[in-house]
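Here's a quick tour for anyone opening this structure for the first time. Have the sequence and the 3D view side by side as you read.

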Amino acid sequence: MARRDKLQGSLDLLILRALRGEPLHGYGITAQIQAWSEGELEVEEGSLYPALHRLERDELLSAEWRETEAGRRAKYYKLTRKGRKHLDQELERWGRLSSAIALFLERSDA
Amino acid sequence: MRRFRRPPTGKEIDNELRFHIEECERQLIAEGMPPSEALRQARKAFGSPQAVRDHTRDVWVYRWADDLRRDLLFALRGLRRSPGFTTVAVVTLALGIGGCAAMYAFVEQLILLDQPYPDRESLVVVEEVDVQDPQSTAGITADALLSLQDQSDAFADIAGYNADGFALKANDDVRILDGALVTPNVFDVLNVSPLLGRTLEQDAADEVVLSELAWKRYFGGRPEAVGSAVELNGRSFSIVGVMPKEFWRGRDLWVPLGRTPREAGRLRTWARLKEGVRPEAAEAELDALTAGLALDREAEPRRLSLRDPFALPGGQQSMVAASAIAPVALLFLVVCVNVTHLQLGRDLQRGREMALCRALGAGRLRLIRRLMAESFVLAALGGAGGAAVAWWGIRSIEIYLPAELTASIERLELDAGALGFLLLLSAATTMAIGIVPALRASGVSLTSALKQDGRGQTGSNRFRGVLATSELALSMTLLAGTGMMGVLTQRVADIDMGFDSQRLWTARLSLRGPLIGDEARRAWAEAALRDVQALPGVASAAAATEIPLRGGNVRRFEADGLIAGDAEFRSVSANYFETIRAPLRLGRAFGDGDRQGSAPTAIVNETLARRYFGGKALGAQLRIGGETREIVGVVADVRQHADARPAPAIVYAPFSQVPDAPLSLVVRGARSREVLERIGAPSGELIVLSVFDFEQALHDGARARTFLPASMALFAALGLVLAGVGLYGTTSRAVSQRTQEFGVRQALGAGAGDILRLVMRESGRGGLTGMAIGLAGSLAAARLLSATLAPQERAAYGVDRLGTSDLVLAGSGAAALLLVVVLLAAYIPARRATKIEPVTALRHD
């Protein structure tokens, strides 16, 4: 059963991470996230697009309309330099946070 | 992949979302789902497209509003944190903007409002010009008018008029209105349709056309007024129409000329050129006519000439406008410079803030926007305050306006134009005061900003110094200008009118009913004067058809068949000169011998005698008003206007020989009410057109004349304060930045006096530079002003006589004042510098 992750901060992180490689369109991003999380994470479309546009507005992403391989027009998103920097910072923070939580949770009660 | 980011349109978002659904659908189909099912699933997974679309769009909208809100909040917070700065800045801005707006409303009425006559280009004025003094003009004669009317290649039509005052009687109340007697074709010449009713008919006699203003003011704006009767100067007229308020500003009513042009004397004109005719062609025709009428062969040669009635500068307007705009513009500059200066003072603090923001990734543009938001708020507050100041300013202008201008200015209003201007000004102010500090603050590098002593700010210090100097220069210009205006005003106020105005008053009377007719008037005047003289308190009483300060009656005269000119013509009772106390220079005054039936006599004034008779006027024969008179006396000049304009040439005739009407009673002593009661006025036979006190009138005129210098003084004082504050700020900043240096100096043995001198010398230098520039500026301005004025205006304001001694007086007065301020502004921080303990100073880092 797929877990729907709705936390905004995390969604941003997912999107940014998904775009670290090549530019993708909205659908491609959901596919990517699903694929990499091996089905565990499914993004709700209702929150995806507002998030994408917000990231574009805040200049973490840039966007461009292009043709897909199939020849149809879609809006492709890509990380900006500011976005890349932001991603690195967030990844680092996330890493520290999850280690801390893991440490806490595994603490023995002895 | 650089692209201009602009918010996506709704359609774009739709396309994007649709693509997603379609992709999803295709994926499902690829996985084996039947197409219709796939579509349904895809749609379901997506949820409500409308909601998604709205949420997505909102992202972009909020950005705009969000940013703005944040910037404004930031600005407000910042301003609230420095209440001193905010108050000073807002107040100075309010005064500057308000002053400008008030003056704009004023100037707009004076100059910018178009006279909306159709085809203005072909509308001209034909007048007679004195060849030797081209600024001196007069109306044209009947011959000229008729000649042009009958047959002209250049002129389509020409209308003549005489301006005059009319006593309007409405419910036992008499109002004096400015009107004109016109040839009925004037409405066609000016080509303006009436608002109501019609214009005058060709052979009309008792018709009158009102101005919109008069119609509203005295007839309540009621349409029924048209067609009703009204009493003017004792005669009944029928109101036939109302003209719109832009038509012929300054005149309230128009009646037919009545008499034939020949009887009317000189006429002012409006003329329209034929289509396609250029002014030069018309001038040529006028030159021919001049020759034909032999105008250029008279002792004082004149010629017919064209004038563009709408050309600027013209009349007193330009002088007043210039002296109204200049100080306000200067003050506004000072205000802007000052507020920029004040803002720069907060540079240090803000520089650090901004540098930090930059380091954290904020764009420079963003920062500038943020700082401009602060300027915007300041300017908005200043603008709001300015509106209040402007309102108050306009009321003051109305009170102090010189009388000559009130005719052409309706009630001053802060109309849409003025308010729009105010808005524009506020916006411009924002840019002006914000741009420099914003650029500087956002450009500061982090390292230099974090340096505690801010020594990296020498550049900014120099700039501030420049600002302070320019403020001083502007302030100096203002002060010097004010000084000069003050000197001029004083000079005009001191002018000798030629008569003694103490306790002298006059009442203008219109005689009707049984008193109409020469005989009746003569008899009445004799009896009335006798009665009045007998009253206790009356030192002397006389009668005259024209008096100083009001009106005039110019007539052509000839002497010995050769000499000819124009002179004021008035009849006066025998003791007139005694009453007004104008001394007789030669010959005798009028006496009992000068009465009806005896040889016509005349007394002329010095100016006429000198100009036309080379001083030998006594005994000469002079033909004026259709009669030849012998000059029996020469009287001292009496000015007609309370300014520097010289007395006109005047011919006085004895009232008993020329009992014209209306006439003025001139009395020294007693009170007007008692005297008028004594002679039975006002009554059905004796209408009192106006009463005024010479002393009061002269005084009021003087007071009105102080309007300009007074407002200039106000602005100058303000400018001075601001310049002082600016200088104080600069010096203060400089001192605080050099505390270490002063500490070292003192440790090395410098005394308090040395430090003081050091600081003051440096700021003094800037001050003197500013003053020098300002002085040069004001001299240039004075020359410019003097050059743009017509000689008559110059005389009116006594500018011609602004000698070097006056300039020196005004200039040094201003300089002294400024010097005091400069020294004071420098002294206070300088003293602070001396109080610095060497130890503390050295530790300060």
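Chain A and chain B bury about 2,500 Å² between them, and carbon and sulfur atoms give 60% of that area. On the chain A side, Tyr27(A), Arg57(A) and Arg72(A) lose the most area to chain B, together 30% of what that side buries. Keep in mind that this is a predicted model.

**Where the two chains meet**

- In terms of contacts, 27 residues of chain A touch 25 residues of chain B.
- Three salt bridges are counted between chain A and chain B.
- Five residue pairs are in polar contact across the interface of chain A and chain B, both partners being at pLDDT 80 or more.
- On the side of chain A that touches chain B, the elements giving two or more residues are α2, α3 (45–57), β4 (61–67) and β5 (73–79).
- Helix α3(A) gives the largest share of that side, with nine residues.
- Sorted by type, the residues on that side of chain A are nine nonpolar, seven polar and eleven charged.

**Covered parts of chain B**

- Strand β20 (residues 650–654) of chain B is mostly covered, with five of its five residues buried.
- Ile650(B), Tyr652(B) and Pro654(B) point one way from β20(B), while Val651(B) and Ala653(B) point the other way, and all are buried.
- Strand β17 (residues 601–605) of chain B runs antiparallel to β20(B), and two bridges join them.
- Facing Val651(B) in β20(B) is Val604(B), which stands opposite.
- Moving on to helix α18 (residues 606–613) of chain B, you'll find Thr607(B), Leu608(B), Ala609(B), Tyr612(B) and Phe613(B) buried.
- Gly614(B) comes after α18(B), and its phi is positive, near 55 degrees.

- Glu38(A) isn't a glycine, yet its phi is positive, near 50 degrees.
- You can find Glu38(A) in the loop between α2 (26–36) and β3 (41–42) of chain A.
- Buried or exposed? Glu38(A) counts as exposed because its relative accessibility is 72%, over the 50% cut-off.
- Over in chain B, Arg581(B) is another residue other than glycine with a positive phi, here near 65 degrees.
- Arg581(B) lies in the loop between α17 (576–580) and β16 (584–587) of chain B.
- With a relative accessible area of 44%, Arg581(B) is partly exposed.

Technical notes:
Residues are numbered from 1 along each chain as its sequence is written. Chains are lettered from A and ligands numbered from 1 in the order in which they are written. This is a predicted model: local features need pLDDT of at least 70, side-chain atom pairs count only at pLDDT 80 or more; totals for chains, interfaces and linings use all residues. Side-chain values use heavy atoms; hydrogens and water are left out. Helices (H or I, at least four residues) and strands (E, at least two) are DSSP runs, numbered from the N terminus. Buried means under 20% relative accessible area, exposed over 50%, partly exposed in between (1.4 Å probe, protein chains only). Two strands pair if DSSP finds at least two bridges between them. Contact means heavy atoms within 4.5 Å. Buried area is the accessible area (1.4 Å probe) that two parts lose on being put together, summed over both. A salt bridge is a side-chain nitrogen of Lys or Arg within 4 Å of a carboxyl oxygen of Asp or Glu. A polar contact is a pair of N or O atoms within 3.5 Å; within protein, one must be able to donate a hydrogen and the other to accept it, and residues adjacent in sequence count only if both atoms are side-chain atoms. Ala, Val, Leu, Ile, Met, Phe, Trp, Tyr, Cys and Pro count as nonpolar, Asp, Glu, Lys and Arg as charged, and the others, Gly among them, as polar.
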